[in-house]
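Good morning, and thank you for coming.

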Amino acid sequence: MVFLPPNRASLSEATRLARNRIVPNIHDIVALSIMAALLVLLAHGAAAMRGSAELLVSQPVTLDPANLPEYALRTTLRMFAAIIASLVFTFIVATLAAKSRRAEKVIIPALDILQSVPVLGFLTFTVTFFMGLFPGSQMGAECAAIFAIFTSQAWNMTFSFYQSLRTVPHDLDEVSRGFGLSAWQRFWRLEAPFAAPGLIWNTMMSMSGGWFFVVASEAITVGHTTVELPGIGSWLALAIDKKDFVAVGWAVLAMGVLILIYDRLLFRPIVAWADKFRSEQTASQEKPRSWVYDLLRRTRLVKTIGVPLAWGWQRLMLVRLGRPQLKVQTAEQQNLSRLSDRLWLAFIAILAGAGAIFTAHYIHSELGWSDVAQAFGGGLATLLRVIVLIAIASVIWVPIGVWIGLRPKVAERVQPLAQFLAAFPANVLFPFAVLAIVATGASPNIWLSPLMILGTQWYILFNVIAGASAFPSDLKEVASVFKLRSWSWWRNVMLPGIFPYYVTGALTATGGSWNASIVAELASWGNTRIEAYGLGSYIAKATEAGDFPRVVLGIAVMSLFVTLFNRLLWRPLYVFAERRLRLD
Amino acid sequence: MNNLAITTNETALIDVKGVCQTYDNGGAERLVVLDDVALTLRPSEIVGLLGRSGSGKSTLLRSIAGLIKPTGGTITFEGVPVTGTPDGVAMVFQSFALFPWLTVLQNVELGLEARGIAPTERRKRALEAIDLIGLDGFESAYPKELSGGMRQRVGLARALVVHPKVLLMDEPFSALDVLTAETLRTDLLDLWSEGRMPIKSILMVTHNIEEAVLMCDRVLIFSSNPGRVAAEIRIDLPQPRDRLDPAFRALVDDIYARMTARKGVAEPARGGIFPGTGIAMMLPRVSTNLLAGLMEAVAAEPYRGQADLPPLAASLQLEIDDLFPIAETLQLLHFAELAEGDIRLKPAGKRFAEGDVDERKRLFAMQLATHVPLAAHIRRVLDERAGHVAPARRFRDELEDHMSEENAEQTVRAVTSWARYAELFAYDEAADIFTLENPA
């Protein structure tokens, strides 16, 4: 959105410029050609998505590098569709949760659990479901892949938006009500802008995670059906199947380029634009920059296109949907709503109880207690892996992160790299590791484990860098004045200082590692399969065999492990960090 | 009180009758914020609502603005009951309440947008308001680029642009530095007296006595606990008013006296200094440094143990909202007494001002244990227990029978910080327990 500066001084300047206004400048040409290219790609990709299912058979994925750009485009479009779906979901569900007390009581706990559910375990059902929904069309498989990415992205975005909606500044709320902004105007003028910085950051984090799932969900085998959607994930699966080392290299390269383009063309400009939504009332020292955003702002033609858009936007803002209500209810209303609250809660409780009994019954009728024990045993093995790996990653990355974070010049260069690595789907790199394990005959139980943290360790690194960079310089100075050295410095100064950031990073890394275990504990290279004992391989094998009861059991057990892990370890640490170690 | 309430006439812009506001605080009694408040706002006047924090004056203003629905009584605007903000009313906020992501122009246009006015008309009117309030050249600036004074001008322009009949202002100048606040007051008064603003009347909340006397035609003084209109004072001094004019000073002194009078109008209606009785007395969080500082200031030259509050407040650069809780805490602890606009140190207060650190702590502990029932209660419980340890939760729960969770928390924190200073007992934040032992 580009507004013309509305002050009168610049109006006279505008008339002066108006004479050669229609002639596009160099920025226009660059910006327009980029935009046009994007539109063409979008149209092409969307048309391909609607293709019939036979195309998947008659034109299977091939390892021809000439096809790679096309595959990359298809993968990107899936990401794009998923992020749009996530945003729509966020706007609707988070708003509902924030506005309705009753919806909130269901949505928030549900989101909390959904966050812990291993996304990849889902694929079995979603592929079957969506294929049934769109028989004979690629759309079904596409939807399943998009849905998988969506389920990896939507929850934290919704949480972020919900939290922002609940913490809208009191005075701005009063202004909005005082002027009688309609619910629609209030949403776009107050709530959405206030929530924007948090939502954008969370969207970026979600995107980072999303690449992993798009790769994992493009080529999937459920029982006897194998679906291969044209994309980098399928390319990779084929390369692994054919033991084509060079093709794996191509996939790595394509993925890197793709993430880089996505970041430069989409997220940087958005972050630079969204800088104005940060609600601190002081001018910030460091503004996020983006050459694409600067380019767009400098263009004349794009501005001309922007004017009718802005006009349309302003018209849209005049739409009145519902007048705001008074906040305070009378005593009778309160009593009445309390009663219906109780009824609502009882209803939910009954529903939840019925669901639990139904699930238990389903699993029990198909499986025995030994299966449950097996799943739990695997869960413990995976839990052990996750704990050990996070510990090792922490020991390695915390000192390095602090070292980098305390040196602004280095941090400036390394931070984007760390974020890039966090976004890079580690499963693209798995073949290299598998090859090494196969070649050396190392124990898969130990050496497959590091794959789980290959992609997620970077969350620890870049959060620690952020923490160390944000460490107040006066406290650093105190430490050096008192000549605090080595261990004392770490224990009393640095570790408490970065702790809240570390917890955030480690929490994200753990969640990612659980998910990755489904792909990491069972790997193959051509016909060679190696497997580690754990819950991840349990789910992966059940998925491959199309064994639905075991998949359900595996997902349930993993969700339980992740939820308990979060509740018993990370949440108390989070509360502690918030209470004791906040520096602002 | 009835003789103070102005009888309704047809020309009243705003008419408030018997307004009550109570909150269910979860305890046995409901918290009464406003009790049977009446007020009439007529055309062409500036009326000030003056009172301590917690006297419900902001609540009343928000009720008139339709932001809060009072639990009892009626509020009408031009004879029509208020439900939601009436079109003829606009409000200016203490915190400016500007949208950080909108430019000055967009902020000013917001109220017009809400009324569905077309963009071109909107822009015209917004530029007029910006012009009027002296913001030319800042149209495309974002609030974070502006100083506090400029931000409040945006707040004013935003309120004026919807052409309200009544302008409500909630402590509009209290977040500004002294110099800026004075400039803004003068500018506003100039616009008012020249009739260049589209408004008919102004109703403003303030805790600054001089500001009220400087700007208002009438001042309503609120008593606290519960909030009531305790007195109405007409100010007939001609504008522009001179702060040094003896008549001006006399009015300021008079209001100070009324607000501190021992049996005066602004005295809390239910006896005690602070709401609640016994251990359930709601205590303000006042730092012991401020308490010591005020005692020292009053003990020193030129006051020598007794000070007139207006000059004292001025010399300490404190507003009454800041000064009263400190003075009242001293009164609670029997270090000083307040009467007739004066603060007078008691013997304990004089000894405190002269004492060294240990003497001060001893005195403070004594007064705290004698005169603050909650402190004595916690100490007694700790003494009785074998391990001399008690969870703080227990005392908060006890208080929550009488007050809201928030107030209970604040009261316990206040007692904790005083007791820590007095070394009456200690508190371990991580474990949330009171102990008798200080950490080794």
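I shall begin with chain A, then turn to chain B.

First, the ground rules. This is a predicted model, in which local features need pLDDT of at least 70 and side-chain atom pairs count only at pLDDT 80 or more, while totals for chains, interfaces and linings use all residues. Residues are numbered from 1 along each chain as its sequence is written, and chains are lettered from A and ligands numbered from 1 in the order in which they are written.

Let us take chain A. It contains 24 helices and four strands; here helices (H or I, at least four residues) and strands (E, at least two) are DSSP runs, numbered from the N terminus. Of the 584 residues in chain A, 38% are buried. A residue is called buried if 20 or more other C-beta atoms lie within 10 Å of its own, exposed if 12 or fewer, and partly exposed in between, with C-beta atoms placed from the backbone.

Two residues are in contact if their C-beta atoms, placed from the backbone, lie within 7 Å. Among contacts in chain A between residues at least 6 apart in sequence, 80% join residues at least 24 apart.

How is chain A divided into domains? The assignment gives domain 1 (21–352) and domain 2 (366–584); such bounds come from an automatic or database domain assignment. Across the boundary, 29 residues of domain 1 of chain A are in contact with 33 residues of domain 2 of chain A. On the domain 1 side, the elements giving two or more residues are α6 (119–133), α9 (183–218), β1 (219–222), α10 (232–241) and α11 (245–274) of chain A. The most comes from α9(A), with seven residues. By class, this side of domain 1 of chain A has 19 nonpolar, eight polar and two charged residues. Ala, Val, Leu, Ile, Met, Phe, Trp, Tyr, Cys and Pro count as nonpolar, Asp, Glu, Lys and Arg as charged, and the others, Gly among them, as polar.

We now move to chain B, which is assigned domain 1 (14–260) and domain 2 (279–435). Their C-alpha centres lie 34 Å apart. The contact takes 16 residues from domain 1 of chain B and 16 residues from domain 2 of chain B. Helix α7 (residues 246–260) of chain B gives the most to the domain 1 side, with five residues. That side of domain 1 of chain B has six nonpolar, eight polar and two charged residues.

Finally, some backbone details. Most residues other than glycine have a negative phi, and most peptide bonds are trans. The peptide bond from Gln239(B) to Pro240(B), however, is cis, with omega near -10°, and Pro240(B) sits in the loop between β10 (228–234) and α7 of chain B. Another cis peptide bond joins Glu301(B) and Pro302(B), with omega about 0°. Pro302(B) lies in the loop between α8 (288–299) and β11 (306–308) of chain B.

Glu171(B) has a positive phi, near 40°. Glu171(B) counts as buried because it has 23 C-beta neighbours inside 10 Å. Phi of Glu423(B) is also positive, near 55°, but Glu423(B) is partly exposed, with 14 other C-beta atoms within 10 Å.
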